[in-house]
Every structure is written in C-alpha cells, then in structure tokens.
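Visitor: I'd like to talk through the surface of this one with you. Could we take the helix and the charged side chains in turn?
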Amino acid sequence: MIVEERDEKLEHVRLMLDMVMMAHTSTGKERTLKEWDFVLNEAGFARYEVRDIDDVQCVIIAYLSSMEVGLA
C-alpha cells in the first residue's frame, strides 16, 4: 500500500517487490488507502483495519458484516 511516511531503511526491498509485481502481473497495482477503502467497500466488507507491521508491507484485516457471516 502506498504510504506517505515510511521508514527508508527498507526502501530497496520495497523497490525490488515493485519490480517483481511488474514482472509477474499484467494488471498489478500498488494502491493508496483511499483506493483500498473503495475496493473493500465494493466487495462488501463492513469494516477493515490497516496494521503497520514495521516491515515492507502492511496487513489489511477486513471484516464481513454480521449479515454476511450468517450466510456462510
């Protein structure tokens, strides 16, 4: 996910992962938080959390609405 302020100690690793994504997908895209908000809401998730794990990537935890959980 695109984050404005990040620790630069892992910048080279982040750039390498960007290159891997470009090489292995034809439609891969790094998204902003606003873009993830749109995607997750359109997919029907009731809420989500973005957790910074002090690594190259963040973790997104998405929760179904209570109505959707009952259908599963």
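Visitor: Where does M16 sit?
Guide: This is a predicted model, and in it M16 is placed in helix α1, which covers residues 11–24.

Visitor: Which residues form the nonpolar patch on the surface?
Guide: The patch consists of V13, M16, L17 and V20, and together these residues have about 280 Å² of accessible area.

Visitor: OK, switching to charges: how many salt bridges are there?
Guide: The structure holds 2 salt bridges, and they link R47, E49 and R51 in a network.

Visitor: How far apart are the closest N and O atoms in each, starting with R47 and E49?
Guide: For the salt bridge between R47 and E49 the closest N and O atoms are 3.8 Å apart, while for the one between E49 and R51 the corresponding separation is 2.9 Å.

Visitor: Why would such side chains pair at all?
Guide: Side chains of opposite charge can pair when their charged atoms come close.

Visitor: What about accessibility, say for E49?
Guide: E49, which takes part in a salt bridge with R47 and in another with R51, is partly exposed at 24% relative accessibility.

Visitor: And the two arginines, what are their values?
Guide: R47 has a relative accessible area of 47% and is therefore partly exposed, and R51, with 41% relative accessibility, is also classed as partly exposed.

Notes
Residues are numbered from 1 along each chain as its sequence is written. This is a predicted model: local features need pLDDT of at least 70, side-chain atom pairs count only at pLDDT 80 or more; totals for chains, interfaces and linings use all residues. Side-chain values use heavy atoms; hydrogens and water are left out. A salt bridge is a side-chain nitrogen of Lys or Arg within 4 Å of a carboxyl oxygen of Asp or Glu. Buried means under 20% relative accessible area, exposed over 50%, partly exposed in between (1.4 Å probe, protein chains only). Patches are made of residues with over 30% relative accessible area and no salt bridge: like charges are joined within 9 Å, nonpolar side chains (Val, Leu, Ile, Met, Phe, Trp, Tyr) within 5 Å. Accessible areas come from the Shrake-Rupley method with a 1.4 Å probe; for residues, only the protein chains shown count as cover. Helices (H or I, at least four residues) and strands (E, at least two) are DSSP runs, numbered from the N terminus.
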